[in-house]
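Welcome! Please take a moment to look over the sequence and the model, and then read on for a short tour.

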Amino acid sequence: MRKMTYREALRSALREEMQRDPTVFLLGEDIGRYWGGAFKVTDGLAEEFGDERVRDTPISESAIVGVAVGAAITGMRPVAEIMFGDLVALAMDQIANQAAKLRYMFGGQAKVPLVIRTPFGAGVNIAAHHSQSLEAWFMHVPGLYVAVPSTPYDAKGLLKSAIRGNNPVLFCEHKLLYPIEGEVPEEEYTIPFGVADIKKEGADVTVVATLYMVHKALKAAEELEAEGISAEVVDPRTLTPLDKETIIASVKKTGRLVVVCEDCKTAGVSAEIAAVVAEEAIEYLDAPIKRVAEPDTPIPFSPPLEQYVIPDEKAIIRAVKEIV
Amino acid sequence: MLNLTKEKLIEMYRKMLEIRLFEEKVFELYAQNLVPGTIHLYTGQEAVAVGVCSALRKDDYITSTHRGHGHCIAKGAELKRVMAEILGRRTGYCTGKGGSMHIADFSIGVLGATAVVGAGIPIAAGAGLSIKLRKTDQVAACFFGDGASNQGTFHEGINMAAVWKLPVIFVCENNLYAMGTRQSLVMAIENIADRASAYGIPGVAVDGNDVLAVYEATVKAVERARKGEGPTLIECKTYRHRGHSRVDPARYRPKEEVEAWLAKDPIKRFRERLLQTASLTEAELRQIEVEASAKVEEAVKFAIESPHPAPEEALEDVYA
Amino acid sequence: MPTKVVMPRLSLTMKTGTVGKWYKKEGESVEKGEPIVEVISEKAVYDLEAPASGVLRKILVDEGVDVPVDAAIAIITAPNEPLSEAEIAAEMPKEGVEEEIKEKVLASPAAKRLAREYGIDLSLVKGTGPEGRIVEEDVKRFIEEAKGMLPKVKEVIPLSGYRKTSAERVSMSFKTAPHSTIMMSVDVSKAALLHARLQVSYTAIIVGAVAKALAENPLINSTFEVDKIKVFEDVNVGVAVATEQGLVVPVIHNTDKKTLREIDSAIKDLTAKAREGKLKKEELSGGTFTVSNLGMYEVEFFTPIINPPEAAILGVGKIVEKPVAIDGKIEVKPLITLSLSYDHRIVDGAPAALFLQKVKHYIESPESLET
């Protein structure tokens with residue numbers, strides 16, 4: 001086991017997969033030798049693998065993804081980086097209409113083994129165009145896989161699986177996660193998509209959380225533990241495919257559910273998870289489902305404003321206490 | 001003539017005819033309610049697809065559009081399976097999942113038709129990047145229309161291909177109308193080929209109804225690409241004989257204009273040229289016409305007799 | 001000013017009352033103090049007086065309907081006073097007023113599931129959740145406390161189809177018709193001879209005897225209708241058949257006009273059809289009396305429940321050889337017990353017994369049935 005940051009874990013996955021498979025290559029803005037990636041994830045990789053395989057692109061999100069699609073359907077395994085999650089909007093046709101649908105539309109003739117990595121999340125005061133959480137957009141597009149790793153261990157294992165898999169993946173990272181540290185095995189490992197992880201066991205309430213919210217949920221759980229409330233924190237790790245079994249088994253055990261996701265509440269990720277549980281396990285609910293999410297606003301700039309809209313431990317604790 | 005073998009000329013003529021007869025047949029079948037949805041016929045533009053694809057190898061790639069039956073047939077797609085797909089049958093190239101606007105045959109390098117205008121441009125560039133990284137000498141040809149040249153992807157895709165010197169041939173089929181909108185209403189320039197210089201690549205405008213002219217320009221562009229010198233933009237001036245889609249009577253086009261272009265029918269012109277230059281005899285031409293007609297009939301029979309996919313198949317092939 | 005006529009509280013514990021007969025029609029004039037409607041509580045029948053003089057403008061509740069105490073049952077206005085639809089609507093009894101007024105129990109889905117599994121009535125459980133909501137813990141506690149007293153539910157059979165209809169009919173019959181049952185022992189030795197000679201079943205002989213006795217005692221061949229007794233001309237005896245789906249009673253129309261052989265073949269035919277579920281609508285309706293034979297199950301005598309809306313039902317038990325005293329000497333005779341349940345509103349014990357005697361007579365002298 002080795003301690004490394006989330007960012008290092010991602011880099012390690014990229015390096016290992018590029019070493020293992022010559023068809024894997026990276027493209028994106030400022031990911032090459034001059035910058036090493038806006039969040040330094042690809043730092044050093046251009047030096048190691050060359051500028052052809054770690055390729056700086058023009059500022060052309062639509063073409064970045066489009067070129068990645070064209071390469072993916074002709075035998076390569078591209079990993080494209082969109083610098084900020086908010087900018088996926090510029091590439092939505094290539095992501096949702098092309099990458100997600102080519103296999104289906106062409107009757108199974110094509111496979112699109114493409115990974116798009118991008119950071120979502122608020123908390124560093126860079127305002128409305130650089131702070132959104134848009135995972136729900138992709139959960140809603142059939143044909144796409146969506147990963148939301150919350151720890152270095154999960155990030156590395158899932159990124160390797162994403163690259164080796166044959167489906168287009170939206171690999172959703174979080175800005176605040178890059179520096180956090182965690183234990184990562186020295187030896188080779190991958191994590192399959194569609195398998196949730198129980199980050200903390202508990203008996204009184206199930207708290208499903210994603211990305212950075214997993215850490216807030218764990219902190220909240222610690223405080224709740226001191227007050228005699230035992231929370232079970234479930235991290236889905238991938239939104240598509242979603243590990244419904246683990247979530248429902250947990251709800252059957254505790255009878256109570258709080259879903260914590262950073263995206264805006266309406267039609268967000270938490271809405272889908274709540275609906276699944278209500279549809280398939282309502283007989284086991286002993287109280288209404290609670291969702292903790294951002295309010296329906298863009299992310300504001302000034303610190304007190306931004307802090308107000310991001311869900312925090314207090315909000316999670318409050319939600320839990322409303323139903324236990 | 002142009003150092004082309006007789007076989008090559010026969011092949012070109014045959015392919016143009018097959019496309020023409022195929023499209024006319026689809027037009028008829030639509031009136032018999034056998035074609036679900038709508039169709040965008042290639043009638044009149046045969047010289048572009050055939051001119052370009054005749055300069056390509058089987059392992060070269062093309063990307064196509066909603067008006068793409070011609071591209072796929074020219075690249076070597078089986079008429080039967082194209083027709084079956086258009087009729088929504090299980091035996092179609094896409095097992096009925098795609099339809100007229102999404103024909104694909106990966107075994108002959110047809111990377112599929114997209115219905116989002118301009119979306120194929122970066123995808124073709126991506127195929128070019130793939131070729132470059134794999135270090136083969138393949139090339140990718142990208143078909144798109146005058147309308148697509150205003151889409152952001154045109155700019156982004158060609159720019160990327162240019163700066164990375166990707167082996168792509170960008171073929172703009174300028175038929176003067178994007179759906180119902182005349183070119184002069186939506187851009188301030190006349191020759192889309194002139195945009196090439198903005199990206200630092202060669203751009204050439206050719207008579208899109210002269211199959212040999214298209215062929216010649218493509219051969220040059222392919223050579224350039226295979227040598228690693230980068231992409232070329234070829235603008236083919238051509239015209240659709242029919243409306244944008246099946247139900248469009250195209251009243252936005254002046255009668256004189258239509259008639260003038262019909263007189264420049266690419267198949268008629270090529271036929272005359274072949275006779276004039278004694279490359280082929282009347283009898284040989286008739287023979288090709290008969291064979292092409294029979295092939296189209298066979299395709300129709302095959303398609304009509306094919307079963308529809310089972311409804312539950314709608315749930316398959318979403319993921320690999 | 002329109003005046004409401006309301007259901008009065010006729011006793012301290014009265015919660016609802018039934019509206020009985022209206023003595024006045026809509027539009028008629030009424031005098032204050034004049035009785036205008038009959039109201040019925042569980043204990044009493046009361047003539048309700050008009051609370052004001054004027055016109056009985058609108059009757060809100062019909063005869064036979066239950067309403068809660070204080071609910072408006074009519075509106076009296078001055079002769080030409082306007083009364084809008086809205087004002088009427090405001091006084092109309094709310095939907096479901098006929099049903100028992102049950103309080104809605106607030107319980108979580110998990111609590112409901114657990115209660116269902118243990119067959120617990122949630123209205124007995126105290127809720128400790130928000131707003132008094134019953135949560136799973138509360139049900140668990142209830143079960144713990146009731147341990148030993150509450151059997152665990154093995155299976156919950158939802159009431160539907162035949163079972164549901166039958167439950168409703170049988171309840172209705174038993175509740176509305178006061179049942180009394182008289183039993184009589186019958187010597188079937190002569191019937192046995194007839195059975196052997198004519199190859200007709202005992203049931204056929206009994207049905208034949210019943211039909212003839214009904215023709216002679218028409219009051220038993222009738223039905224009770226609120227304020228009258230309707231006596232039927234036709235004698236249509238139904239014979240109860242147990243099938244896989246449940247009890248079915250096919251009917252032999254004009255039984256009194258049929259010969260024993262005809263009755264016997266009708267019984268065989270209808271029984272077969274009943275078991276195959278192939279009875280036609282006409283074969284299941286029009287009955288005026290029912291015969292139910294439980295003899296093959298070794299039952300000797302029983303208290304059958306009248307097949308509504310008939311007046312009576314004859315239960316037949318098994319044939320038992322018994323020693324009887326005849327003229328001081330013991331003889332062994334085959335005896336069968338007949339059990340007649342009758343609607344006491346229609347006949348009293350004596351006429352019922354007379355009818356049963358007649359049935360006994362015809363079974364013991366069956367040659368009278370051969371004509």
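## Where chains A and B meet

The contact between chain B and chain A takes 35 residues from chain B and 35 residues from chain A; two residues are in contact if their C-beta atoms, placed from the backbone, lie within 7 Å. On the chain B side, β2 (110-113), α5 (120-134) and α6 (152-163) each give two or more residues. The largest share of that side, 10 residues, comes from α5(B). Helices (H or I, at least four residues) and strands (E, at least two) are DSSP runs, numbered from the N terminus.

By residue type, the side of chain B that touches chain A divides into 20 nonpolar, 11 polar and four charged residues. Here Ala, Val, Leu, Ile, Met, Phe, Trp, Tyr, Cys and Pro count as nonpolar, Asp, Glu, Lys and Arg as charged, and the others, Gly among them, as polar.

## How to read this model

This is a predicted model, in which local features need pLDDT of at least 70 and side-chain atom pairs count only at pLDDT 80 or more, while totals for chains, interfaces and linings use all residues. Residues are numbered from 1 along each chain as its sequence is written, and chains are lettered from A and ligands numbered from 1 in the order in which they are written.

## Chain C and its partner

Two pairs of chains touch, and the most contacts are between chains A and B. Chain C meets chain A through seven residues from chain C and seven residues from chain A. Helix α2 (residues 109-118) of chain C gives the most to the chain C side, with four residues. That side divides into four nonpolar, one polar and two charged residues. No contact joins chain B and chain C, and their closest C-alpha atoms lie 33 Å apart.

## Two domains in chain A

Chain A is divided into domain 1 (2-184) and domain 2 (197-323), with bounds that come from an automatic or database domain assignment. The C-alpha centres of the two domains of chain A lie 26 Å apart. Their contact takes 26 residues from domain 1 of chain A and 24 residues from domain 2 of chain A. On the domain 1 side, α6 (135-139), β6 (145-147), α7 (152-164) and β7 (169-174) of chain A each supply at least two residues.

Helix α6 (residues 202-216) of chain C has 15 residues and reaches 21 Å from its first C-alpha to its last, close to the 21 Å expected (1.5 Å times one less than its number of residues). How much of α6(C) is buried? The helix is mostly covered, as 11 of its 15 residues are buried. A residue is buried if 20 or more other C-beta atoms lie within 10 Å of its own, exposed if 12 or fewer, and partly exposed in between, with C-beta atoms placed from the backbone. What covers the buried residues of α6(C) includes α5 (189-198), α7 (260-276) and α9 (349-364) of chain C.

A:Tyr104 sits in helix α5 (residues 102-105) of chain A. A:Tyr104 is buried because 20 other C-beta atoms lie within 10 Å. Not counting residues up to four places away in sequence, A:Tyr104 touches A:Gly143, B:Lys97, B:Asp317 and B:Val318.

The peptide bond from A:Thr240 to A:Pro241 is cis, with omega near -5°. A:Pro241 lies in the loop between β12 (238-240) and α9 (244-254) of chain A. In chain C, a cis peptide bond joins C:Pro308 and C:Pro309, with omega about 0°.
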